[in-house]
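Let's take a walk through this fold together, stopping at a few spots worth a look. Keep your viewer open as you read.

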Amino acid sequence: MIDITTSGTMTERTLNQRSPINLPGIDVIFAGTINFGSGETEDIPGIGQYEDFHTIDWQRDIARDRMRHRYILKRKQNSFIDLIKSAHDAWSGWLCVLLVGLVTGTVAAIIDIGTSWMSDLKFGICPQAFWLNMEQCCWSSNETSFELDKGNCSQWFYWSEIMTSSNYGPFAYIVSYLFYIAWALLFAALAAGLVRMFAPYACGSGVPEIKTILSGFIIRGYLGKWTLLIKSVGIMMCVSAGLSLGKEGPMVHIASCIGNILSYLFPKYGRNEAKKREILSAAAAAGVSVAFGAPIGGVLFSLEEVSYYFPLKTLWRSFFCALVAAFVLSSINPFGNEHSVMFYVEYHRPWMFFELIPFIGLGIIGGVIATVFIKCNIKWCRFRKTSILGQYPVMEVLLLTAVTAILSYPNPYTRMGTSQLIYLLFSQCDVSSNDGLCDYTNDKANVAGPGVYTAMLLLSMAFVLKLVTTIFTFGIKVPCGLFIPSLAMGGITGRIVGILMQQLAAKHPHLWFFDNSCGLPGQEGCITPGLYAMVGAAAVLGGVTRMTVSLVVIMFELTGGVRYIVPLMAAVMASKWVGDALGKEGMYDAHIQLNGYPFLDSKEDIVHTALAADVMQPRRAENLNVLTQSSMSLEDTEILLKDTEHNGFPVVVSRESQYLVGYVLRRDLQLALENAKRTIDGLLPESLVLFTDITQQVMPPPLKLKKILDMAPITITDQTPMETVVDMFRKLGLRQTLVTHNGRLLGVITKKDILRYIKQVDNEDPSSVLFH
């Protein structure tokens, strides 16, 4: 009698029935990947793992972890070593997120420093110390302030000064222009080349894929070490190239790569896909934490936007991970100031009640801008996928970089870095401000001069350029995020609206609209345009991503403007409502749909009218591919595997009765057969494959595979409403469920069937669901 002693795809109840954990001296191996005993390896390597581009079985993985945990607790009384193992198991999750936070904070600081240096390299160099950016170079001189265009820092040399010995005149301007374009093309070419040669998964934002992975999808290599390295280097180059993109979204991907790599140091997480996603959720929180200096916002972002399964302990660990990452970043101090936030602002006046109307108006405008942006970008990305353009990704990047650089340099607001532009838009004018936005004609700083109107014109042109270039940029084959471009577009809109409101209040302070808030002595500067820029930025970003709670928290952490939570909330909610009315999805969800990822949105409400029998595969008139518990030979089983592509097979008593026995995964069955043929002598094609216990002798000796059988699969009846079935898949994280009638097997419903059914309900193309 041949017995393959592996265990695998059973649920926790089945594990409890069969696991001899109370027998001394026996090493118990659950799902072929966990060894609790003396250190021997598993009988069949790979049992219990998943193929690339497949969905995990949450219930099975969580059940395996619970059994592993109970086994460790049972053993801890046996010896001091077992007690240490139990303690290590208890705090390994905290240790893992601590390491993720430390590494993420360090990597983020390196990216911030590198980006700042390479961005300034487009304009000039510090000959005394070439590794310093413009600001650091000028710290070593006696100048207390410097401006990009003023040239009042003696230690910093612009390329025009090096080439022509002058920073003024048309020839110097042309030289600076050419150097700006050349450096931009060099950085973009390096980034695109590195992505194409070493890490194709390093392109894009990464947030749509992280959402899909956290929902239980497997993408091998997407969170690997090469992706981490190339994405970190590439995002520095892309931001420095002046492309209309940000590094904040890719920081979520980078942090998730770090979380995935470090999880393999702890087999509890590295070998269990469901448990690994707890670490990835914490890593995503750390990514936003270091991107914006917003640890609380990072936790809420992970909870609201990317995570699918978020138990309370994951909330605590995410909070701790974000805290550690923010602390490390603050300790390294890449911004070189006392503030850990990116756009620290300090407004001296509170907002007035009547300003809620323009704030809500900004929310409406932000929702419209976001909808236009999403629809145009998705159309362009779809065109890229289906046209010859998609075959030349590097050429597309270089062409887009050249056009962006040529159009950006003449306008000072697009020539500067986008983060620098956002900080300028958020800032309040004071006596030291010398930008055109602060060219006011009176001491009260509320009557605009010609410089303000010129700045408004330039900002309007900058808005159009940012909107158009971001539509074409998001989705190209280099690392690129949309947080910063969205904030910039909203900031420009808000600043212009703020200036218009300010001029209205200055010229007509006694209008009923202002409720005497601006006409009294000392109240002349009652409108703060920078506040409008901040609200507008939140409105556009909220419309693009459909974030609400996490966005408001990120914004007040980002700027330090805690007293302006109510205006931010009003604008973000208005933006979300308008965006939902004009378009169904945010940018991340739209890209998930575009790529055909099997993401089952738990926040979406769908009215179902069908029954399980209407959706199951195969249909009633078709044959169902099954395994029988005791009547199929090894040859029959191999033929079934060869002729079908199903991810698993129901096991029934016989083809005539169709009474359900259990379910076995295709991968586990293949591995078990390959291992049996490799290690067992006397195995013949006629040998029976048994999924049951028999006592009588059978010749030739059968192959017993009962221990890879899930004897407690999730089942429903054919009359179950699809509302219930969809809720089961969402809340239990199912991979498939079996459909029965009076105990007899009728068919199978997989996650892919659910997604196709939802597409049909929404009158969309069901064939757009590409993966399993």
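Predicted model: local features only at pLDDT ≥ 70, side-chain atom pairs only at ≥ 80, totals over all residues.

Start with the empty space. Rolling a probe the size of a water molecule over the atoms shows where such space is left. The second largest pocket holds about 710 Å³. Its lining is made up of 31 residues, and if you want to find the centre, look for C203, E209, G475, K477 and N595, which lie nearest to it.

Next up is helix α12, residues 295–306. Part of α12 is tucked away from solvent: G297, G298, V299, F301, S302, E305 and V306 are its buried residues.

Now jump to strand β8, residues 648–652. Five of its five residues are buried, so the rest of the structure largely encloses β8. In a regular strand the side chains alternate between the two faces of the sheet. For β8, G648, P650 and V652 are on one side and F649 and V651 on the other, and both faces are covered, with all of these residues buried. What does β8 pair with? On the parallel side of things, two bridges join it to β6, and T628 has V652 of β8 as its bridge partner. Strand β9 (residues 660–665) runs antiparallel to β8 and is joined to it by five bridges; there, G648 finds its bridge partner in L665.

P618 belongs to the loop between α24 (612–615) and β6 (627–628), and β6 is the parallel partner of β8 from the previous stop.

Two residues other than glycine have positive phi. For R546, phi is near 65°, and the residue sits in the loop between α20 (529–545) and α21 (549–559). N742 has a phi of about 55° and is found in the loop between β13 (736–741) and β14 (744–750). Are they buried or exposed? R546 is buried, because its relative accessible area is 10%, whereas N742 counts as exposed at 64%.

Definitions and conventions: Residues numbered from 1 in each chain as written. Heavy atoms only, no water. 1 Å grid on protein atoms, 1.4 Å probe; cavity = no way out; pocket = protein on both sides within 12 Å on 5 of 7 lines; lining within 4 Å. Points joined across faces, edges and corners; volume = space filled by probe spheres on them. Helix = DSSP H or I, 4+ residues; strand = E, 2+ residues; numbered from the N terminus. Expected span 1.5 Å × (residues − 1). Buried < 20%, exposed > 50% of the residue type's maximum accessible area, 1.4 Å probe, protein only. Pairing = 2+ DSSP bridges.
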